[in-house]
Amino acid sequence: MTQTGDVAESRLSDWISLGVLASWVPRDEVEDAVEAAGKAAKRKGGKLPPQVMVYFVMGLAFFADEDYEEVWARLTETLAGWGGFGADQALVTTGGITRARQRLGHEPVKGTFELVAAPVATLDTAGAFLGNWRKMSIDGLEWDVPDSAANAAEFGYPGTGHGGRAAFPKARAVTISECASHAPVLAAIGPCTSKGSGEQSLAREIYPRLKDDWLLIADRNFYNWQDWCTAADTGAALLWRVKSGLILEPLEFLTDGSYLSVLVNPGVKGAARQKLVDAARARDDLDSGRARYVRVVEYEVPDRAGAGKDELIALVTTITDLRQAAAPVLAAAYHERWEHETGNAQLKTYLRGPGRILRSQSPDLVKQEIWGYLLTHYAVSALTCTASTAAGIDPDRVKFKRAVRVVRRRIDDPAFPPDQQERALERAIAEITSPQHLNTRRERTYPRAVKRARHNSYPVRKPGQHGTRHKTPATIKLVNPVLNRAKTGIAA
């Protein structure tokens with residue numbers, strides 16, 4: 001390739017990574033991921049080199065309504081005026097793009113996500129911390145994929161609950177996201193059917209990568225003994241809801257309404273189990289493979305409507321010292337898990353579009369496309385969190401839909417060549433935090449769980465203060481564990 005062609009390829013990669021992409025998905029990281037996956041271009045001079053295709057996959061997520069050629073045009077149409085960019089390089093076909101995606105595969109996009117995706121909230125970000133712990137959550141989401149033979153064989157058709165099957169195969173992703181920013185930072189992708197396709201199975205792929213300064217919040221569907229141990233052994237703090245069938249033996253009732261208990265390996269039964277419980281009552285050291293100390297917080301939301309009315313919510317946590325987090329604080333923190341649902345809605349509704357089926361006809365490209373969506377959602381979430389923190393507002397007040405629109409305009413905007421990326425980013429931040437464009441809500445909401453409960457508002461926040469702005473439903477009522485155990489027969 002000529003020197004002019006080399007410059008054109010470099011500018012192409014730089015320009016596609018304009019603004020939000022360049023800030024959180026740097027070209028160097030993309031190239032490292034491509035190299036690590038063994039997908040580096042075998043020759044120079046191609047129109048669609050692999051590092052460009054990683055950004056193109058992100059472009060597919062930004063412009064879900066457009067076809068391949070239109071997405072490519074949006075990413076390249078302003079380059080012609082810069083010089084050194086041949087018109088023929090901007091002319092690609094759908095077939096050429098498909099072949100380039102196939103050559104790329106999903107590994108470089110996954111690798112890029114794993115290199116760049118990290119929590120973005122700071123100590124000044126509203127609602128990001130509980131004490132020294134960064135609030136994180138885990139949840140799953142599903143994707144309709146095209147009804148090709150290959151996709152059906154790989155992902156399968158889930159049941160409909162009425163004896164039939166879904167209209168399309170479905171892929172499943174489980175992600176760990178930052179509660180304050182909604183940014184996904186860990187993920188695993190797999191089928192929706194077959195052995196090992198459940199959320200628990202996918203979650204096992206990412207538990208070993210938890211960080212010791214995280215507080216991982218999880219719904220009751222994720223708890224089991226082995227997964228709890230795996231996650232806890234990373235040093236991360238855990239706050240997980242548990243199902244009513246789990247036996248929680250009270251060891252000591254604490255002044256905040258919580259109580260100390262012990263989780264016992266379900267494989268230990270009968271007299272051996274009772275021996276472990278007795279050892280826990282005596283505060284002996286326990287074999288961590290057989291039993292572990294925990295703290296239990298039980299509460300109700302009395303004015304909650306629907307099927308969950310008067311339901312007892314039981315949380316277990318590794319935070320056994322109530323001085324580090326009192327029971328009401330933990331109850332409030334658990335409801336931050338619903339921020340993950342908000343993040344999933346942002347991804348599925350504002351990026352992908354409601355009810356939209358993915359584009360890809362093969363399992364490898366389905367995974368590539370999903371990793372592209374996760375990478376794009378991470379980048380936009382990082383932008384909104386950075387912008388809101390700089391403006392001193394809760395990230396929830398920034399409208400994600402507007403942020404996506406701003407990023408789309410910046411990608412299209414010919415006024416910002418690569419040497420003005422920083423200025424482009426500053427303008428994007430100013431636009432999405434403009435007071436007239438903010439959500440009127442000043443507090444986080446909790447869909448479904450406490451949808452109709454009243455919430456306390458934030459106190460006035462001091463500069464640098466963190467970890468004290470917890471949003472507790474005013475109607476949460478801690479349950480006296482002694483009375484509750486009399487009613488429920490020991491089960492939580």
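C192 is buried, with a relative accessible area of 9%, where buried stands for under 20% relative accessible area, exposed for over 50% and partly exposed for anything in between (1.4 Å probe, protein chains only). C229 is buried as well, at a relative accessible area of 4%. With a disulfide taken as a pair of cysteine sulfur atoms within 2.5 Å, the count comes to 0 disulfides.

The model is predicted, so local features need a pLDDT of at least 70 and side-chain atom pairs count only at pLDDT 80 or more, while totals for chains, interfaces and linings use all residues. Residues are numbered from 1 along each chain as its sequence is written, and side-chain values use heavy atoms, with hydrogens and water left out.

Seen as a whole, the chain has 492 residues, of which 55% are buried. Its secondary structure comes to 18 helices and 11 strands, assigned as DSSP runs (helices H or I, at least four residues; strands E, at least two) and numbered from the N terminus. A contact means heavy atoms within 4.5 Å. Among contacts between residues at least 6 apart in sequence, 71% join residues at least 24 apart.

Helix α3 (residues 27-36) packs against helix α4 (residues 50-62) at an angle of about 110°, with the axes 9 Å apart; axes are lines fitted to C-alpha atoms, for helices over the stretch in contact, and angles run from 0 to 180 degrees between N-to-C directions. That angle makes α3 roughly perpendicular to α4, a label for 65 to 115 degrees, with under 35 counted as roughly parallel, over 145 as roughly antiparallel and the rest as oblique. On the α3 side the contact is made by R27, V30, E31 and V34, and on the α4 side by P50, Q51, V54 and Y55. By class, this contact has 5 nonpolar, 1 polar and 2 charged residues.

Leaving aside residues up to four places away in sequence, V30 touches V25, Q51, V54, Y55 and T112. V30 and P50 stand 20 residues apart in sequence and 9.1 Å apart in space, C-alpha to C-alpha.

Another buried site is H377, with a relative accessible area of 3%, found in helix α15 (residues 363-391). Beyond residues up to four places away in sequence, H377 touches H182, P184, G343, Q346, L347, L351 and F400.

Notes. Ala, Val, Leu, Ile, Met, Phe, Trp, Tyr, Cys and Pro count as nonpolar, Asp, Glu, Lys and Arg as charged, and the others, Gly among them, as polar.
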